[in-house]
Amino acid sequence: MNNPTNNQKFALTTPLYYVNGVPHIGSAYTTITADAVARFQRLQGASVLLITGTDEHGQKIQRTAEELGLAPQVHCDRIVESFKSLWQRLNIKYDRFSRTTAENHQKIVNEFFERVWQQGDIYLARQQGWYCVSCEEFKEERELIENHHCAIHTNKPAEWRDEENYFFRLSKYQQFLEELYRTQPDFIQPASRRNEVINFVGQGLKDFSISRVNLDWGFPMPVDKKHTIYVWFDALLGYVTALLDPDREVSLENALSQWWPIDLHLIGKDILRFHAVYWPAMLASAGLPLPKKVFGHGFLTKDGLKMGKTLGNTIDPFDLVDKYGADAVRYYFLKEIELGKDGDFNETRFINVLNADLANDLGNLLNRTLGMLKKYCQSKVPQLSGADYSSDHPLKSIGLDLGDRVVQMNENLQFSQGCEAILTLVRAGNKYIDDSAPWKLFKEGKQAEVEQILYAVLESVRLSAYLLSPIIPSISSKIYQQLGFDWDFNDDNHPQTASDFSIHSQWGKLTIEGTLGKASPVFSKLELPSEDQIMASNLTKIFFDWYKVTNSKRRTAIALVFNS
Ligand code: MSP
């Protein structure tokens, strides 16, 4: 099994989220996924550093604060609290929260800037072009839709800029980047995103501006205080600042000494260019090693439609987690959406998936097995092991290499496939009980056979709970506790080790001693929305479909009415 040894390290990041508003479902999606990766690495005994945080400078934030009549820092401090609160509710175990307004960050940015400056990669020139403040990015004409609106932020026009900016010599790194993508095919994942980037770079790279004028909210450029450092140049370095141990002197060298290079940057596809093109070029210019992998996940839609404030069809992650609980939300997004592909949220589907997989299949399997153990074995786990079963046994044959397969899939961030593989064992467990009818065998006095069946099923539930623990840690903990383990997958004081992993991740290796815990449902069935609610949601869909095909002036008027 290719699990890490105790001393293996794994550092990963979510994007540093803009604080123009409270967190949305997109940020929750990336963070849930990153947390599952981190938990999966910890489960295998690796030392993990999960970095998340906030991107607080730039025009977008400055304007938002102005609109609210707040000093930018006051605004940022408020929004940061809502991010931290959501991560707590979603049971995200991050190790560092990086804020780009943190004091030590400026020192890191300046030191990095100095290296790139010394390299001769920064020069002053005229910048003319269309700027999307929401993306904080200059756009090519061809990237804009009608009336110079950004294709991502369709409700906001891009703004024409004509000013002196400092530029970074990205074009110098064209060959370097092409070589990187060729020699490290895994650097950008999934493959479709890699191809996008290769095509983009293949068209020829242009230098990009890394300073702004007429903007106070940011770090002044060390060589020319009239300029502010471009928010993306500053933000990417937030990953580096986060690596600095709190008690160490602030320097680039200290920040990079322990955890660099980052193993994984997990991001959404819209910010791939910054991470897979600009960032490695900036690092190369500063003479630093590159991160190992950038994974660009897909976008979420709701009921098949792009989400947006104008359309008023966003999903509030706070509502979702308050209504259904952290494990349910985590499970839906990781199981139902193949990471890398776009995915949809639909409440009826959400409820159906959770009821089918967690209440009916997994919960029910545990429940009925514990019931039978109580009845037929006085709640004592039969003292058997995997060696007592032939290799073609219906559960052993699936369970035996399940751990290895799930490790492989999770290493590739294929959580959806990993969940499916685990569910195959769970479903086989339910079928096996139905087919072998232990209640009949018990009546016939065949105790040894009953015990054989129940141990095999119990071991399958245990293994499933263990392998699902990075995704549904609280449900997995409940299952483990009902199986008699003193174990909590959320407990920091119970670090997992590589040797725990090699035993717990295999079918039939573990003998469960002692008495089973108290049985109780691990996941209660959810109520489907009422017909009225479904009707309202269908009407909304019909309305938006019509809205999409109608002309843009009418669209704006309708949006105003709809949102008022
Ligand atoms: N501040 C930058 C990142 C700087 S990293 C050094 C930023 N922030 S963001 O808050 O706008 O984006 C956060 C993440 O949310 C991105 O990964 C983005 O892809 C993701 N999503 C935003 N909307 C989304 C969906 N509808 N669906 C899935 N993820 C989406 O960009």
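Cys135 counts as buried, at 10% relative accessibility (buried: under 20% relative accessible area, with a 1.4 Å probe and protein chains only). The model is predicted, so that local features require pLDDT of at least 70 and side-chain atom pairs count only at pLDDT 80 or more, while totals for chains, interfaces and linings use all residues. Residues are numbered from 1 along each chain as its sequence is written, and side-chain values use heavy atoms, with hydrogens and water left out.

The structure holds 0 disulfides (a disulfide being a pair of cysteine sulfur atoms within 2.5 Å). Cys135 is accordingly in no disulfide, and the nearest cysteine sulfur, that of Cys132, lies 3.8 Å away. Cys419 is likewise buried, with a relative accessible area of 1%.

Helix α16 (residues 415–436) packs against helix α18 (residues 447–468) at an angle of about 160°, and the axes are 10 Å apart. Helices are DSSP runs of H or I with at least four residues, strands are runs of E with at least two, and both are numbered from the N terminus. Axes are lines fitted to C-alpha atoms, for helices over the stretch in contact, and angles run from 0 to 180 degrees between N-to-C directions. The angle makes α16 roughly antiparallel to α18 (over 145 degrees; oblique covers what remains after under 35 for roughly parallel and 65 to 115 for roughly perpendicular). The crossing of α16 and α18 is left-handed, meaning that the near helix is turned anticlockwise from the far one by less than a right angle, with clockwise for right-handed. Residues of α16 in the contact (heavy atoms within 4.5 Å) include Cys419, Ile422 and Tyr432, and those of α18 include Ile453, Ser460 and Leu468. By class, this contact of α16 with α18 comprises 12 nonpolar, 3 polar and no charged residues (nonpolar: Ala, Val, Leu, Ile, Met, Phe, Trp, Tyr, Cys and Pro; charged: Asp, Glu, Lys and Arg; polar: the others, Gly among them).

In a second pair, the axes of helix α6 (residues 191–202) and helix α10 (residues 272–285) come within 11 Å and cross at roughly 55°. The two helices α6 and α10 are therefore oblique to each other, and their crossing is right-handed. Arg193, Glu196, Val197, Phe200 and Val201 of α6 meet Leu272, Arg273, Ala276 and Val277 of α10. This contact of α6 with α10 divides into 6 nonpolar, no polar and 3 charged residues.

Thr52 is situated in strand β2 (residues 47–55). The relative accessible area of Thr52 is 0%, and the residue is buried. Leaving aside residues up to four places away in sequence, Thr52 touches Thr14, Pro15, Leu16, Tyr17, Trp87, Tyr94, Arg96, Phe97 and Ser98.

Terms used. Buried < 20%, exposed > 50% of the residue type's maximum accessible area, 1.4 Å probe, protein only.
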